[in-house]
Amino acid sequence: QAGGDWRIIDKISKIQVLLNGATICKSLTGKCAQALSFYDDRVVAPDTWRNYAANVQWCYVLINFGRNLFDDQYGLDLAKYKNVQLQITNTATAASHFADLAVSVMAFYLREAPAGFRGHLRSEEWRSWTTVADETKYHDMPTEHLLRRIILQAIPAVDASYVENTAMHNLMDDIDLSLDTGQVRVYKGGL
């Protein structure tokens, strides 16, 4: 397809999994879900957008509730909840992209897993902001849950030819991760 969005995943703006109608278990963009799939399972989920003939367009998005695909200790135990909802929001339009979007949910069940999981991993976009020149942003991380991974995503603006206006490292040039109200420094550096 013409333009900066060349995969279906680029048009998935939010994937949410809600437990019992209100508790957020997963809340992330399609691109973040694809990145987590790569980090957890070392594969990039397949995605294709073919602009010839009348082919079916498709993409797979892996949503891990454990540390990897076949984690037998951490996963989503559906028996613990009365209602589990999957919500997908996309920004595609019928005129420019595709007229309809069908979603198939394929679940992996562990037949020989131990009785019950220790829990499941929650993923969410914690903060999002548009950077401006010489701006410093401070974010207090949530302390009610254990953190497994922090992902910083920098997407530079593009010009009319879809060429980035700047390099990614220009968007975040001084990153400081500290614990204990700044007393213990974990990381200080650039993107």
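Two strands are taken to pair if DSSP finds at least two bridges between them. Helices (H or I, at least four residues) and strands (E, at least two) are themselves DSSP runs, numbered from the N terminus. The structure is a predicted model, in which local features need pLDDT of at least 70 and side-chain atom pairs count only at pLDDT 80 or more, while totals for chains, interfaces and linings use all residues. Residues are numbered from 1 along each chain as its sequence is written, and side-chain values use heavy atoms, with hydrogens and water left out.

Strands of a sheet pair through backbone hydrogen bonds, either parallel or antiparallel. Here, 4 strands form an open sheet with mixed pairing, in the order β5-β1-β2-β6. The edges are taken by β5 (84-90) and β6 (123-124), each with a single partner strand, so one side of each has no neighbour in the sheet. Between β1 (12-19) and β5, the pairing is antiparallel and runs over 7 bridges; in this pair, Leu19 stands opposite Val84 of β5. Strands β1 and β2 also run antiparallel, joined by 5 bridges. Along them, Val17 stands opposite Lys26 of β2, and Leu18 stands opposite Ile24 of β2. Lys26 has Ser123 of β6 as its bridge partner, and Ser27 stands opposite Glu124 of β6.

A residue is called buried under 20% relative accessible area, exposed over 50%, and partly exposed in between (1.4 Å probe, protein chains only). Strand β1 is mostly covered, with 6 of its 8 residues buried.

Asn20 lies in the loop between β1 and β2 and is partly exposed, at a relative accessible area of 43%. Another positive phi in a residue other than glycine is found at Thr181, near 50 degrees. Thr181 sits in the loop between β7 (175-179) and β8 (184-189), and its relative accessibility of 81% makes it count as exposed.

Helix α1 (residues 30-41) lies across β1, β2 and β6 and runs at about 90 degrees to β2. For such values, axes are lines fitted to C-alpha atoms, for helices over the stretch in contact, and angles run from 0 to 180 degrees between N-to-C directions; contact means heavy atoms within 4.5 Å.

Leaving aside neighbours within four places in sequence, Ser37 is in contact with Arg42, Val43, Ala45 and Leu62. Arg118, 81 residues away along the chain, has its C-alpha atom 21 Å from that of Ser37. Asp40 is also placed in α1 and is buried, with a relative accessible area of 15%. Beyond its neighbours within four places in sequence, Asp40 is in contact with Asn64, Gly66, Arg67, Asn68, Arg148 and Arg149. Lys11 is 29 residues from Asp40 in sequence, and 22 Å separate the two in space, C-alpha to C-alpha.

On a 1 Å grid over the protein atoms alone, a pocket is an open set of points with protein on both sides within 12 Å along at least five of seven lines, whereas a cavity is a set where a 1.4 Å probe fits but cannot get out; lining residues have an atom within 4 Å of a point. Grid points are joined across faces, edges and corners, and a volume is the space filled by probe spheres set on the points. The second largest pocket has a volume of about 1,600 Å³. Its lining counts 46 residues, of which Val61, Ser104, Val105, Met106 and Ala107 lie nearest the centre. Two or more lining residues come from each of β1, β4 (58-59) and β5, and β5 gives the most, with 5 residues. By class, the lining of this pocket has 33 nonpolar, 9 polar and 4 charged residues, where Ala, Val, Leu, Ile, Met, Phe, Trp, Tyr, Cys and Pro count as nonpolar, Asp, Glu, Lys and Arg as charged, and the others, Gly among them, as polar.
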